[in-house]
Amino acid sequence: MTRTSEHRGQTRVVVPSAQPMYAAAARWRDEALIGDRSLFSGQPINGLAAAQELTRDFIESPDATARDFLSKLRDQLAGSSADAVQVAAELLYVHTLIVVSYAFKSKNKVELVNKVAAIRDSGTSPIPEDLLGALKGGVVQPGQAYASYRWKMFAYLIRVFEAIKEIPVADREATLTNWEQFQVVLSGIDDQSVWAQRYALEHLLFPDIAP
């Protein structure tokens, strides 16, 4: 993952365009990870059940056809609950959040996330207006593999989300605000070939610690 030259060597990026990204990541942490609510709608979500569905329907049901990521995901999640589809869309929002707009245009980020939310005809919500601006910034150019192997990056995010949801609610805040405790969670999840996603997640959640 390559940080743009004007940002390299820093931890939290201080340029104004990066601030909505950090605000969106903090909101995701507080509402969707620590809490059990949708980042997009604020409605309650059974996060653990949704993660287990995504594990079953996506990770454990791979699609080896030559189609694009979205086409395959539509079929894989066709029978998934609204909560699972909502979580999928929000995880992909987080996946695209950190990428600079010249590497992944904001309109394409929005299109990807909202098309995933639309896999279900009802019960899911697209990106709200107040979270759209965060997709126009981004702070890194992660490299071709981040997009070419999106399915691997997405699977990693599902695993992390599931691991966090397995933590008792009372203990989640400590886990997600303490670098060492968060590293214990990540140490139990295979990150081979998805280091870029791990580094991106670490920076979004711990921007003053993780480069």
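Colleague: What should I know about the model before I start?

Modeller: The model is predicted, so local features need pLDDT of at least 70 and side-chain atom pairs count only at pLDDT 80 or more, while totals for chains, interfaces and linings use all residues. Residues are numbered from 1 along each chain as its sequence is written, and side-chain values use heavy atoms, with hydrogens and water left out.

Colleague: How many residues does α8 have, and what does it span?

Modeller: First, the term: helices (H or I, at least four residues) and strands (E, at least two) are DSSP runs, numbered from the N terminus. The expected span of a helix is 1.5 Å times one less than its number of residues. Helix α8 has 16 residues and reaches 22 Å from first C-alpha to last, close to the 22 Å expected.

Colleague: How many residues of α8 are buried?

Modeller: Buried means under 20% relative accessible area, exposed means over 50%, and partly exposed lies in between (1.4 Å probe, protein chains only). In α8, 13 of the 16 residues are buried, so this helix is largely enclosed by the rest of the structure.

Colleague: How do I describe two packed helices?

Modeller: Two packed helices are described by the angle between their axes and the distance between the axes. Axes are lines fitted to C-alpha atoms, for helices over the stretch in contact, and angles run from 0 to 180 degrees between N-to-C directions. Under 35 degrees counts as roughly parallel, over 145 as roughly antiparallel, 65 to 115 as roughly perpendicular and the rest as oblique.

Colleague: At what angle do α4 and α8 cross?

Modeller: Helix α4 (residues 82–97) and helix α8 (residues 150–165) cross at roughly 115°, and their axes come within 10 Å. The two are therefore roughly perpendicular to each other. Handedness comes next: a crossing is left-handed if the near helix is turned anticlockwise from the far one by less than a right angle, and right-handed if clockwise. The crossing of α4 and α8 is right-handed.

Colleague: Which residues of α4 and α8 meet?

Modeller: Contact means heavy atoms within 4.5 Å. From α4 come Val87, Ala88, Leu91, Leu92 and His95; from α8 come Arg150, Met153, Phe154, Leu157, Ile158 and Phe161. By class, the contact of α4 with α8 has 9 nonpolar, 1 polar and 1 charged residues. For the classes, Ala, Val, Leu, Ile, Met, Phe, Trp, Tyr, Cys and Pro count as nonpolar, Asp, Glu, Lys and Arg as charged, and the others, Gly among them, as polar.

Colleague: How do α2 and α4 pack?

Modeller: Helix α2 (residues 47–59) packs against α4 at about 80°, with the axes 8 Å apart. The pair is therefore roughly perpendicular. Ala50, Glu53 and Leu54 of α2 meet Asp83, Ala84, Val87, Ala88 and Leu91 of α4. That contact has 6 nonpolar, no polar and 2 charged residues.

Colleague: What is the angle between α8 and α11?

Modeller: Their axes come within 9 Å and cross at roughly 50°. That makes α8 oblique to α11. This crossing is right-handed. Met153, Tyr156, Leu157 and Val160 of α8 make the contact with Gln197, Arg198 and Leu201 of α11. These residues divide into 5 nonpolar, 1 polar and 1 charged.

Colleague: Is Arg150 buried or exposed?

Modeller: Arg150 is found in helix α8. The residue is buried, with a relative accessible area of 12%. Leaving aside neighbours within four places in sequence, Arg150 is in contact with Phe69, Leu92, His95, Phe104, Leu112 and Ala145.

Colleague: And Glu202: buried or exposed?

Modeller: At 8% relative accessibility, Glu202 counts as buried. Its place is in helix α11, where 9 of the 11 residues (helix residues 195–205) are buried. Not counting residues up to four places away in sequence, Glu202 touches Trp179, Phe182, Gln183, Leu186, Pro207 and Ala210.

Colleague: What is the phi of Ser193?

Modeller: Most residues other than glycine have a negative phi. For Ser193, phi is near 70°, a positive value. Ser193 lies in the loop between α10 (179–187) and α11. At 36% relative accessibility, Ser193 counts as partly exposed.
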